[in-house]
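Biologist: I'm new to this one, so please pick a single part and take me through it slowly. After that, tell me what lies around it.

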Amino acid sequence: MADTPPPLVFDTSFDPQTGQPVEVLPGIVRVTAPNSGPYTFTGTNSFIIGAERVAILDPGPDDPRHLAALRTATGGRPIEAILLTHTHKDHSASAARLKAETGAPLWFAGPHRLSRPPHLFELNALARDCDWRLTPDLTFFDGESFAAGGVQLTAIATPGHCANHLCFGIEGTDWLLSGDHIMGWNSTLVAVPDGSMDDYLKSLRKVIGLPYAHYIPAHGGPIIDGPAYARALLAHRELRNRQIVEGVAAGATTIGALRERIYPTLQPALRFAAALTLRAHVEYLAAQGAIRMRRGVFGTRLRAA
Ligand SMILES: [Zn+2]
């Protein structure tokens with residue numbers, strides 16, 4: 001079939017050259033932060049955009065080593081703005097300090113917010129990873145075009161991983177700065193209520209439909225065939241949806257039972273993330289009427305629609 005999606009293959013071969021400035025495109029330099037980990041891969045990629053004047057995209061964790069590396073890479077050039085793809089702390093924790101030091105304004109898509117109102121007694125697993133107090137000096141709207149360090153960019157609203165997530169298209173090229181929305185090393189964590197599977201799937205389809213061929217994510221290396229990879233991600237999520245509907249039809253009544261069924265050999269360290277992702281899928285499927293979900297004192301109960 002002509003529209004069969006390509007297989008999903010993750011690329012974990014990236015050499016971040018942590019702390020070193022690496023030119024990824026003319027006028028765009030990557031500096032990877034020293035915060036590697038199970039959710040950040042080789043660390044957060046910060047980008048310095050421009051030539052005589054620059055903007056910094058995702059200044060990253062509030063780590064003096066990384067701020068020193070950014071200072072060295074900017075080499076005293078004036079910093080026109082600090083841009084954020086979103087307000088998870090691995091991207092934004094140093095933004096307030098950098099703003100205080102340089103006077104550069106903060107530009108992003110509005111204060112951190114949940115993708116839907118929380119339910120009574122609902123725990124937000126990502127609450128401590130979010131920068132709740134950071135406010136922008138300029139709030140981007142979807143599709144807004146602007147110059148940063150003399151480079152023309154377009155802000156593209158891509159909620160899903162979290163509600164205020166943006167990708168940035170580099171105008172005059174077919175390259176997209178894809179943040180955490182699309183990364184080559186792994187699929188993106190989508191955890192409710194911080195994120196939303198419905199938003200994420202819509203944002204995947206949105207980016208696939210845009211004229212960008214190559215993606216530069218906030219963790220890991222570039223994705224050369226961006227839209228084909230994004231279609232593989234979408235197919236992977238659709239497969240997961242089908243497995244959940246089948247699992248519930250076969251008698252799984254809890255997220256834990258679904259996890260045992262769908263990821264039988266998962267390492268303990270990844271079980272929590274798997275449960276978060278399954279919950280986001282379950283909520284999406286319940287909203288679609290594909291399964292039924294009841295939230296009770298003893299947890300979430302599932303049954304076939
Ligand atoms: Zn991140």
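Modeller: Let's start with strand β5 (residues 79–83), which pairs in the parallel sense with strand β6 (residues 106–108) over 2 bridges. Pairing here takes at least two bridges found by DSSP between two strands. Helices (H or I, at least four residues) and strands (E, at least two) are DSSP runs, numbered from the N terminus. Keep in mind that this is a predicted model: local features need pLDDT of at least 70, side-chain atom pairs count only at pLDDT 80 or more, and totals for chains, interfaces and linings use all residues. Residues are numbered from 1 along each chain as its sequence is written, and side-chain values use heavy atoms, with hydrogens and water left out.

Zoom in on Ile82 and you'll find that its bridge partner in β6 is Leu106. Helix α3 (residues 95–102) packs on the sheet, touching β4 (54–57), β5 and β6; a contact means heavy atoms within 4.5 Å. The direction of α3 makes about 165° with that of β5, using lines fitted to C-alpha atoms (for helices over the stretch in contact) and angles from 0 to 180 degrees between N-to-C directions.

Now step back to the whole sheet. It is open, with 7 strands in the order β1-β2-β3-β4-β5-β6-β7 and mixed pairing. β1 (22–25) and β7 (138–139) stand at the edges with a single partner strand each, so one side of each has no neighbour in the sheet.

Next, the metal. Asp90 (OD), His91 (NE2), Asp180 (OD) and His219 (NE2) coordinate the zinc ion at 1.9 to 2.4 Å. Donors are N, O and S atoms within 2.8 Å of the metal (3.2 Å for Na, K and Ca), and since water is not among the atoms, sites may look incomplete. Along the chain, the donors follow the spacing D-H-x88-D-x38-H. Asp90 lies in helix α2 (residues 89–92) and His219 in the loop between β12 (214–217) and α5, so this pair ties together parts 129 residues apart in sequence. Asp90 is buried, with a relative accessible area of 18%, and His219 is buried too, at 1%. Buried means under 20% relative accessible area, exposed over 50%, and partly exposed in between (1.4 Å probe, protein chains only).

Finally, the greasy part: the largest nonpolar core has 35 residues, and those with the most contacts inside it are Ile182, Tyr215, Ile244 and Leu258. Such a core is a set of buried Ala, Val, Leu, Ile, Met, Phe, Trp, Tyr and Cys residues joined through side-chain atoms within 4.5 Å. Its largest share, 7 residues, comes from α7.
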